Amino acid sequence: MFDYDRQGRFIAMADGAEILVQDGPSEGPLWRMVGDHPLVGVAIHQDAIWTVDEAGHLIGRDASTGAQKAALEVGDGCRALAASDQGLLAIARAEEVVVIQGGAILRRLPVDDPTALAWSPTGMLGVGTAAGDIKAFKDDTTPSSEATLPAGVTALTWGGGSEGWLAGAGPTLFRLNAEGIARVTGGPGDILSISASPSGHRVALQIGERIVLVLVMPSRDTLTTVQYMDRTVTGVRIGPGNWLGIGMDQGDGNKIDMVTGATHRTDTHPGRAHHSWMLKVATDPSVEASLPAPTDAPAKKGNPAVAIAFFVALAAVLWFLFR
């Protein structure tokens with residue numbers, strides 16, 4: 001329901017049947033579209049933004065203008081969408097995963113009750129299920145590898161580098177690679193969304209509906225903590241440099257510098273209600289002092305409609321009120 005591309009060019013958020021797209025560097029509104037059915041997935045790939053609704057309408061639009069570029073009917077009961085670096089799309093339905101290439105169905109994978117999808121950088125598709133199964137597919141309808149976790153899969157991502165998959169199964173984070181299954185850490189609530197940096201040094205976790213943590217690997221120390229008081233998180237995505245994107249209900253989002261705590265919000269689209277929210281942010285950059293500093297962070301832009309104060313400290317927690 002939320003995406004922020006690795007280059008930081010676009011931010012896309014779903015609110016019911018509406019897709020809202022922002023310019024990544026400035027957080028300003030670009031375009032929005034309202035469909036006939038609630039959206040269940042949003043994905044950015046290069047210059048296209050893809051959405052799928054619960055009725056199975058897949059639409060690809062130009063990321064800058066919103067002009068429709070492709071459309072496909074995949075069947076009702078859709079529940080998730082993921083895009084690969086190679087431009088492949090995967091859509092989860094009740095008893096299958098549909099793989100799409102070039103606007104056409106490439107293959108249908110028989111998977112019972114899929115709950116989470118993710119692509120590796122090489123184009124391998126990971127599928128998590130309500131039964132706790134993790135299945136990896138290459139170019140066939142038969143999994144190239146399988147594993148089973150002790151609980152249903154609630155989130156899935158590629159772990160960065162060559163570290164394999166990271167999967168949330170209830171409140172526990174697991175890593176799956178050639179060496180097998182390993183428990184990474186546990187939290188105070190179900191892990192509902194995961195995003196890892198390309199190097200795998202940082203992993204962002206959505207814990208329940210209102211908490212986001214960024215862990216440094218392999219130490220598992222907490223770099224960033226974000227807690228929302230009155231809004232529901234709909235997804236997390238690590239963008240360029242130190243930026244973390246967080247989607248919220250009602251079509252709003254934040255960009256947070258994971259090291260300094262600097263916090264930006266998305267600007268309100270014309271014609272939509274302007275929302276306020278409260279959150280607290282704490283960062284501890286000392287936990288990754290030995291890691292090289294990213295060099296591709298975009299220039300920071302303050303939002304004149306938002307009064308923000310931030311402070312970096314090991315224990316201090318600050319409150320932010322967005323108006």
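Reader: What classes make up the lining of the largest cavity?
Author: Two nonpolar residues, six polar and three charged. Here Asp, Glu, Lys and Arg count as charged, Ala, Val, Leu, Ile, Met, Phe, Trp, Tyr, Cys and Pro as nonpolar, the others, Gly among them, as polar. This is a predicted model: local features need pLDDT of at least 70, side-chain atom pairs 80 or more, while totals for chains, interfaces and linings use all residues. Residues count from 1 along each chain as written, and side-chain values use heavy atoms, without hydrogens or water.

Reader: Which residues line the largest cavity?
Author: Leu20, Gln22, Gln250, Gly251, Asp252, Thr266, Asp267, Thr268, His269, Arg272 and Ala273. Each has an atom within 4 Å of a cavity point, on a 1 Å grid over the protein atoms alone, where a 1.4 Å probe fits but cannot get out.

Reader: How much space lies in the largest cavity?
Author: About 40 Å³, the space filled by probe spheres on points joined across faces, edges and corners.

Reader: How many cavities of 30 Å³ or more does a search of the whole structure find?
Author: One.

Reader: New topic. In what order do the four strands of the open sheet run?
Author: 17-18-19-20, with antiparallel pairing. Strands are DSSP E runs of at least two residues, numbered from the N terminus, and pairing takes at least two bridges.

Reader: Why is one side of strand 17 left without a neighbour in the sheet?
Author: Strand 17 stands at an edge with a single partner strand, so that side has no neighbour. Strand 20 (180-186) is at an edge too.

Reader: How many bridges join strand 18 to strand 19?
Author: Five, between residues 165-169 and 172-177.

Reader: Which residue in strand 19 is the bridge partner of Ala167?
Author: Phe174.

Terms used:
On a 1 Å grid over the protein atoms alone, a cavity is a set of points where a 1.4 Å probe fits but cannot get out, and a pocket is an open set with protein on both sides within 12 Å along at least five of seven lines; lining residues have an atom within 4 Å of a point.
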